Amino acid sequence: MAMTDLLSAEEIKAAVGAFSAAESFCHKKFFEMVGLKKKSQEDVKKVFHILDKDRSGFIEEDELKFVLKGFTPNGRDLSDKETKTLLAAGDKDGDGKIGIDEFITLVAES
């Protein structure tokens, strides 16, 4: 399944483009701009599985760094600071990774 099966290509392009500058990423604005916030919990789960590249059931810090590339191949890598900020926002149980329920909560709180 491709991200464009769930989200509009135009919204993805606009959202990724809005955060093309280094240190500009804001997950709350991004999830809203890309249209994820208004999606059903089932669709948010599908997006989680696309971003969980190693299929571990978690989005780990090394996968978070490439989160924009998960939406479109020409997305930039997040900086270490942006990655750690996103991880801190999503990792509710402190295990160093984001599980599916944590991801759903992260999107809902945006």
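Start by selecting Arg 55: at 70% relative accessibility it counts as exposed (exposed means over 50% relative accessible area, buried under 20%, and partly exposed in between, with a 1.4 Å probe and protein chains only). Arg 55 lies in the loop between helix H3 and strand E1 (helices, H or I with at least four residues, and strands, E with at least two, are DSSP runs numbered from the N terminus). Its phi is near 55 degrees, a positive value in a residue other than glycine. Most residues other than glycine have a negative phi.

Before moving on, a word about what is on your screen. This is a predicted model, in which local features need pLDDT of at least 70 and side-chain atom pairs count only at pLDDT 80 or more, while totals for chains, interfaces and linings use all residues. Residues are numbered from 1 along each chain as its sequence is written, and side-chain values use heavy atoms, with hydrogens and water left out.

**Stop two: another positive phi**

Now select Glu 23, in the loop between H1 and H2. Glu 23 is not a glycine, yet its phi is positive, at about 65 degrees. With a relative accessible area of 46%, Glu 23 is partly exposed.

**Stop three: the annotated binding site**

Which residues does the UniProt annotation "binding site" cover? Select Asp 52, Asp 54, Ser 56, Phe 58 and Glu 63, which the unreviewed UniProt entry lists under that name. The positions are given in the numbering used here, feature names are shortened, and annotations may be inferred rather than shown by experiment.

Zoom in on Asp 54, in the loop between H3 and strand E1 (58–60). Asp 54 counts as partly exposed, at 47% relative accessibility. Leaving aside neighbours within four places in sequence, Asp 54 is in contact with Glu 60 and Glu 63 (contact means heavy atoms within 4.5 Å).

Is Glu 63 buried or exposed? Glu 63 is buried, with a relative accessible area of 9%. Not counting residues up to four places away in sequence, Glu 63 touches Leu 51, Asp 52, Lys 53, Asp 54 and Phe 58.

Phe 58 is worth a click too: Lys 97 lies over the face of its ring, at 4.3 Å from the ring centre (a charge sits over a ring if NZ of Lys or CZ of Arg is within 6 Å of the ring centre and within 35 degrees of the ring normal).

**Stop four: two sides of H1**

Colour helix H1 (residues 9–18) and pick out its buried residues, Ile 12, Ala 15 and Val 16. They cover an arc of only 95 degrees around the axis, which puts them on the same side of H1 (the arc is that of the directions from the helix axis to the C-beta atoms). On the face turned away from that buried side, look for the exposed residues Glu 10 and Lys 13. The buried residues of H1 pack against helix H2 (27–33) and helix H5 (67–71).

**Stop five: the nonpolar core**

Which residues touch the most other members of the largest nonpolar core? Among its 31 residues, they are Phe 30, Leu 36, Phe 71 and Phe 103 (a nonpolar core is a set of buried Ala, Val, Leu, Ile, Met, Phe, Trp, Tyr and Cys residues joined through side-chain atoms within 4.5 Å). The largest share of this core, five residues, comes from H3.

Select Phe 30, which is buried with a relative accessible area of 0%. Phe 30 and Phe 71 form an edge-to-face aromatic pair, 4.9 Å centre to centre with 80 degrees between the planes (rings of Phe, Tyr and Trp, for Trp the six-membered ring, pair if their centres lie within 6.5 Å; planes under 30 degrees apart count as stacked, over 60 as edge-to-face and the rest as tilted). This pair links distant parts of the chain, with Phe 30 in helix H2 and Phe 71 in helix H5, 41 residues apart. Phe 71 is buried as well, with a relative accessible area of 5%.

**Last stop: the aromatic cluster**

To finish, select Phe 19, Phe 25, Phe 30, Phe 31, Phe 48, Phe 71 and Phe 103 together: they form one aromatic cluster. The structure holds seven aromatic pairs. In one of them, the rings of Phe 19 and Phe 30 have centres 6.2 Å apart and planes at 65 degrees, so the pair is edge-to-face.
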